[in-house]
Amino acid sequence: MTSRRGRGPAAPSPPGGPRRSSGPGQAGRGQGGRGQASSARSGARGAAGSAQSARRARGRPPAAAPRRPRALLRRRIVRRDPVKRLNVGLLLVAFVLSLFAGRLVQLQGIESKGYAEAAVRQRLNRIDLPAVRGSITFAGGQPLAMTVDARVIYADPSLIQQYEQKHRTNIRNKIATTLASMFGLNPATLLQKLAPRTKMDHYRELIHHVPPDRARMVTAMDFTGIGTLQEYRRDYPGGDLAANVVGFVNTQNDGAAGLESSMNKLLKGRSGWQKVEVSEKGQRIPMGEDQQSKPTPGKGLRLTLDQDIQWKAQDAIARQVKATKAQSGTAIVMDPRTGQVLAMATAPTFDPSTYWKWKPDDWGDRVVGEGFEPGSTSKVVTAAAALEVGHVTPDTVFSVPDHITRLDRTFHDSETHPTESLTFGGVLAKSSNVGTIMASERLSESQLYQYMRAFGYAQETGVGLPGENPGLLKPPNQWWGTDRYPIAFGQGVSVNALQVASVYSTIADHGVRVTPNVISGTTDDHGNVTPAAKPAQRRVISATTAAELTKMLEGVTTKEGTAPAAQIPGYRVAGKTGTAQRINPSCGCYQGGGYTSTFVGFAPAENPQLVVEVVLQKPQNGYYGGEVAAPVFKDIMSFALQSRRVPPSSGRTQKIRISPDQR
């Protein structure tokens, strides 16, 4: 039986080894499938195979005869040139290397500067170097506000994170909880600051103004990634003494009230900075880049305030506010010759070291920030104008009833009385509203307005304190109907306490107004004092008119006047009371608004050295200025005269005629 390809049955291998048949019928190609040439070739292969098998048989044991391999298709062998293959490979390598070379040229040549700067920025840490804030001192050099050494506690969030990853522990919670308990802070807020924002987040400020001893306690805990740096803290040795003048600084070391605010730029100086290179682990690179801009210390302020007089004024007004259950109170002491403010007190007040614990309403200086109707203390301005241009003298007689009607309004004195003859000096001594209206009618509206402006109404005093209320005085073209009459006796016009004190300082200084001032000079970081420029001066009234007003104001403190409680043994005192109704904001009327009680005066009257003003807002236990304000004036003025070693008056008080019949 033959195969499908015409092959015959395979012949068994003879014993002793494989053997190929060389016969024509054993060629393995089929008898009819190929030509004679193929048969001949097959026969030759068979003979060669037999010879090879015989050679193997001599050295190897017999094995089963392998199957006869199939005939392979004839393949054409292509021989490639190895040099050509090498050249192609070299070209590919050269191309790849050229790409790398181009990128290196781009990085190290064209863009090298940008990448180098970016790398430096990643390694650089900027540390602010705060300037030493200038001090604020009393006139005698005693510190009111000073800068002391402190520390800022900072964190290295990246270093903390590396520690946690290495030791598989969470130390951030422990750090946040410990610091929060030490400084009374919110642990969640600290925990948020300890979380890194970037891989190179090496500096985060946690707590400012830490005293050095407490900072050493934090350092002793040896928390990974927690350190301290030097900074400065504002300290107020006097506590609430002159706090409303000085003000305070906020957490950014910027002034937020008082002189700390208005003179912030001068006091603060200019902060510096330092940039250092740090490694990925937060360590400073020894030879790395180190840039620095040194801070410039701030200038200090030397004030005109006298420490002892300030303490006395503050103590006296605080006690009277408490005694009368007043809403608030202010007291001012001035030198009329120089315009220097020796004391500026307000109650209630606050402690600038812990300003956040007090009401914001108590931060400001009410002496300049609180506007009010001056009442009878403003009558001296009307009197000055009348004496200057109204053809009136202190002895001019007026027939004064207890009320007077002008147009559609009736004006009253504070107390009912029969019609009486009073000199102009008596009108001022008894503080008659009706008599003042009668004297003011000898002035034109523009004349009255001009003298009020000349004395400083409706304009800032020039003292330089922030939040000053300039007051309100409408020009005559805005006056309607009877406006001029209440303005003449101190209603319908608004002032601050320092403006009123400045009016009486002008009279005490023989008619010359000196701009009020609280800064006597500046100091550098070595303590050298540079005096401030002299304050502006201008004549408001003649020296003769000022002398006549002084004589009239002395009559106020006599038994016939409204303020005998202001008398000081051994000294001649000139002054004026004020009891003005306050506007009730709920109705815009005077009903239920309470009173502003004032006394302002100067001594010795013959040679004025000091001016003192006391203002009480809405007192409950008494409200007449001669009753509640004059005694405080006496207390403060007596102390100030002794403190300044002012000799007693050499002569007696000049008596002024209250009525034409008096001799």
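Helices (H or I, at least four residues) and strands (E, at least two) are DSSP runs, numbered from the N terminus. The model is predicted: local features need pLDDT of at least 70, side-chain atom pairs count only at pLDDT 80 or more, and totals for chains, interfaces and linings use all residues. Residues are numbered from 1 along each chain as its sequence is written, and side-chain values use heavy atoms, with hydrogens and water left out.

The secondary structure of the protein consists of 21 helices and 23 strands. Of its 663 residues, 43% count as buried. Buried means under 20% relative accessible area, exposed over 50%, and partly exposed in between (1.4 Å probe, protein chains only). The protein exposes about 35300 Å². Carbon and sulfur atoms supply 51% of that area. Accessible areas come from the Shrake-Rupley method with a 1.4 Å probe; for residues, only the protein chains shown count as cover. Contact means heavy atoms within 4.5 Å. Among contacts between residues at least 6 apart in sequence, 73% join residues at least 24 apart.

Helix α21 covers residues 630-643. At 1.5 Å a residue, its 14 residues should span 20 Å. The expected span is 1.5 Å times one less than the number of residues. The end C-alpha atoms of α21 are 20 Å apart, which agrees. Buried residues of α21 are Ala 630, Val 632, Phe 633, Ile 636, Met 637, Ser 638, Ala 640 and Leu 641. An α-helix has 3.6 residues a turn, so residues three or four places apart point the same way. Just after α21, Arg 645 takes a positive phi of about 55°.

Most residues other than glycine have a negative phi, and most peptide bonds are trans. Lys 325 has a positive phi of about 55° although it is not a glycine. Lys 325 sits in the loop between α11 and β11. Lys 325 is exposed, with a relative accessible area of 57%. Lys 618 lies in the loop between β23 and α20. Its phi is also positive, near 55°, and Lys 618 is a residue other than glycine. Lys 618 is partly exposed, at a relative accessible area of 28%. A cis peptide bond joins Ala 603 and Pro 604, with omega about -15°. Pro 604 falls in the loop between β22 and β23. A cis peptide bond also joins Ala 347 and Pro 348, where omega is about 0°. Pro 348 is found in the loop between β12 (340-347) and α12.

Ser 378 lies in the loop between α12 (366-369) and α13 (379-389). Ser 378 counts as buried because its relative accessibility is 0%. Its side chain makes a polar contact with the side chain of Tyr 457, at 2.9 Å. A polar contact is a pair of N or O atoms within 3.5 Å; within protein, one must be able to donate a hydrogen and the other to accept it, and residues adjacent in sequence count only if both atoms are side-chain atoms. Leaving aside neighbours within four places in sequence, Ser 378 is in contact with Met 452, Tyr 457, Ala 488 and Gly 490.

β13 is joined to strand β16 (residues 420-423) by 4 bridges, and the two run antiparallel. Two strands pair if DSSP finds at least two bridges between them. Val 400 stands opposite Glu 420 in β16.

The structure holds 1 disulfide. A disulfide is identified as a pair of cysteine sulfur atoms within 2.5 Å. Here it joins Cys 587 to Cys 589, with an S to S distance of 2.0 Å. The link is left-handed, with -85° about the S-S bond. Cys 587 counts as partly exposed at 44% relative accessibility. Cys 589 also counts as partly exposed, at 26%.

Gln 162 lies in helix α4 (residues 157-167). Gln 162 counts as partly exposed, at 27% relative accessibility. Gln 162 and Lys 199 are 37 residues apart in sequence and 9.8 Å apart in space, C-alpha to C-alpha.
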